[in-house]
Amino acid sequence: KMIALTLLLAVDAFDLPNHAGRRSDRRALTVEDCECPYHGFHGFDCTEDVNIHKIGDCDAFNNKECDGTSCDEQGHGFDTNLYGCDDTCPPTPTAPTPAFSGADPITSIDGMDTRFYCKKGVLTHMYEDDVVDSIQYVVSGLEADESAGVAHHHGGDWITTFNVTFHGAPNAPLVVKAVRDPAKLSSTNGPRSLLYPGEAPATMQVSVGGKPLLAGSHAVISSIPKLRVSVKSGTTRIGCAFVEKVDITLPGLALRVATAKAAKFESEEMQLRGLHLDIEYKKFDRAAARGPLAEMWGLRTMTNATRAMLVPPRSVA
């Protein structure tokens, strides 16, 4: 009996998984071959004919199948833990949503809108980071025009000037101004064509260091060779013209400044009188963002000066 038992144990041990994760007959194992709970040598149980656990293989230590919830750099699931299944993959990160400034004016990020107020007609610092020295806005209302029967309007303010300077080029501000010219932009003048390279925009004025910038793609500041500025048309009509856009790109930064009509009004003339700029912060370093906008976006602690920008000014009777 002792001899028979010894022979039986020898045969059984010969067929158990070895340290390389294979049985002695080299047969590839799948989940159907698993022997959970653990019944093998050195903490290994069944696996395929390579010595890593894959989806569907048995995790000998935890008495379960590997479910493929480990991650590679792209977030794809697999399991590489030789002694059991790895932990659950974290959610695949999504790109941050752009931030926006425009309309009455408001700023928004991640679904949160904030109405803010600036002193009219004055350059107001709004944003800076490790690339941008300063982004400034000029906010304007509607000007009275007795000849057109338009009284001063208190119901809205809009961003009409965007001014950005970059670190390393303090004397070369990039300036975008909305052109409020209802007579010139009226749809009664007949439709204009899209901008051609070298043509001046109709709804905005663009300049760098005081020099006009025309439609097309430009490398505008020699000391910042990676900076690109593109002036082009959109496809939405504004009177007889189109929405016009300025795209500003640097590594880690992408801004878009676009003209927009004042949609709160019904008449085309009033919409053109309220022509303004919408600014989209398509890509920026949230960790480095500073200034009033960064504070309104919740990226920095709000200062008293920024908190004051959230309070409507007192109307003058």
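Asp 110 and Arg 286 form a salt bridge in which the closest N and O atoms are 3.0 Å apart. Asp 110 belongs to the loop between strand 6 (106-109) and strand 7 (112-115), and Arg 286 to the loop between strand 18 (276-283) and helix 4 (292-296), so this pair ties together parts that are 176 residues apart in sequence. The structure is a predicted model. A search of the whole structure finds nine salt bridges and eight aromatic pairs.

**Salt bridges**

- Side chains of opposite charge can pair when their charged atoms come close.
- Asp 110 has a relative accessibility of 52% and therefore counts as exposed, the limit being over 50%.
- Glu 199 is partly exposed at a relative accessible area of 25%, and Arg 192 is partly exposed at 30%.
- Asp 247 and Arg 256 meet through their side chains in a salt bridge of 2.6 Å, N to O. Are these two residues buried or exposed? Both Asp 247 and Arg 256 are buried.
- A network of salt bridges links Glu 128, Asp 130 and Arg 290.

**The surroundings of Glu 128**

- Glu 128, a member of that network, is placed in the loop between strand 8 and strand 9 (132-142).
- The relative accessible area of Glu 128 is 23%, so this residue is partly exposed.
- The side chain of Glu 128 has a polar contact of 3.2 Å with the side chain of His 125.
- When neighbours within four places in sequence are left aside, Glu 128 is in contact with Asp 133, Ala 288, Ala 289 and Arg 290.
- Glu 128 and Thr 165 are 37 residues apart along the chain, and their C-alpha atoms are separated by 9.3 Å.

**Aromatic rings**

- The search for aromatic pairs finds eight in the whole structure. In one of them, the rings of Tyr 127 and Trp 297 have centres 6.1 Å apart and planes at 50 degrees, so the pair is tilted.
- Tyr 127 lies in strand 8 (residues 124-127), while Trp 297 lies in the loop between helix 4 and helix 5 (304-308), so the pair ties together parts that are 170 residues apart in sequence.
- Tyr 127 is buried, with a relative accessible area of 0%. Trp 297 is likewise buried, with a value of 6%.
- Which arrangement do the rings of Phe 284 and Trp 297 adopt? Their centres are 5.2 Å apart and their planes stand at 45 degrees, so this pair is tilted.
- Phe 284 is in the loop between strand 18 and helix 4, and Trp 297 is in the loop between helix 4 and helix 5, so this pair ties together parts that are 13 residues apart in sequence. Phe 284 is buried, with a relative accessible area of 12%.
- Ring pairs link Tyr 127, Tyr 281, Phe 284 and Trp 297 into a cluster.

- Thr 203 is located in the loop between helix 2 (182-185) and strand 12 (204-208).
- With a relative accessible area of 0%, Thr 203 is buried.
- The side chain of Thr 203 makes a polar contact of 2.7 Å with the side chain of Glu 244 and another, of 2.9 Å, with the side chain of Thr 259.
- Residues touched by Thr 203, not counting those up to four places away in sequence, include Lys 177, Leu 185, Ile 238, Phe 242 and Leu 275.

**Strand pairing around strand 5**

- Strand 5 (residues 99-102) runs antiparallel to strand 18, and three bridges join the two. Phe 100 stands opposite Glu 280 of strand 18.
- Strand 5 also pairs with strand 6 in the antiparallel sense, over three bridges. Thr 107 in strand 6 is the bridge partner of Ser 101.
- The hairpin of strand 5 and strand 6 has three residues between the strands, and in this hairpin Ala 103 takes a positive phi near 55 degrees.

Key: Residues are numbered from 1 along each chain as its sequence is written. This is a predicted model: local features need pLDDT of at least 70, side-chain atom pairs count only at pLDDT 80 or more; totals for chains, interfaces and linings use all residues. Side-chain values use heavy atoms; hydrogens and water are left out. A salt bridge is a side-chain nitrogen of Lys or Arg within 4 Å of a carboxyl oxygen of Asp or Glu. Helices (H or I, at least four residues) and strands (E, at least two) are DSSP runs, numbered from the N terminus. Buried means under 20% relative accessible area, exposed over 50%, partly exposed in between (1.4 Å probe, protein chains only). Rings of Phe, Tyr and Trp (its six-membered ring) pair if their centres lie within 6.5 Å; planes under 30 degrees apart count as stacked, over 60 as edge-to-face and the rest as tilted. A polar contact is a pair of N or O atoms within 3.5 Å; within protein, one must be able to donate a hydrogen and the other to accept it, and residues adjacent in sequence count only if both atoms are side-chain atoms. Contact means heavy atoms within 4.5 Å. Two strands pair if DSSP finds at least two bridges between them.
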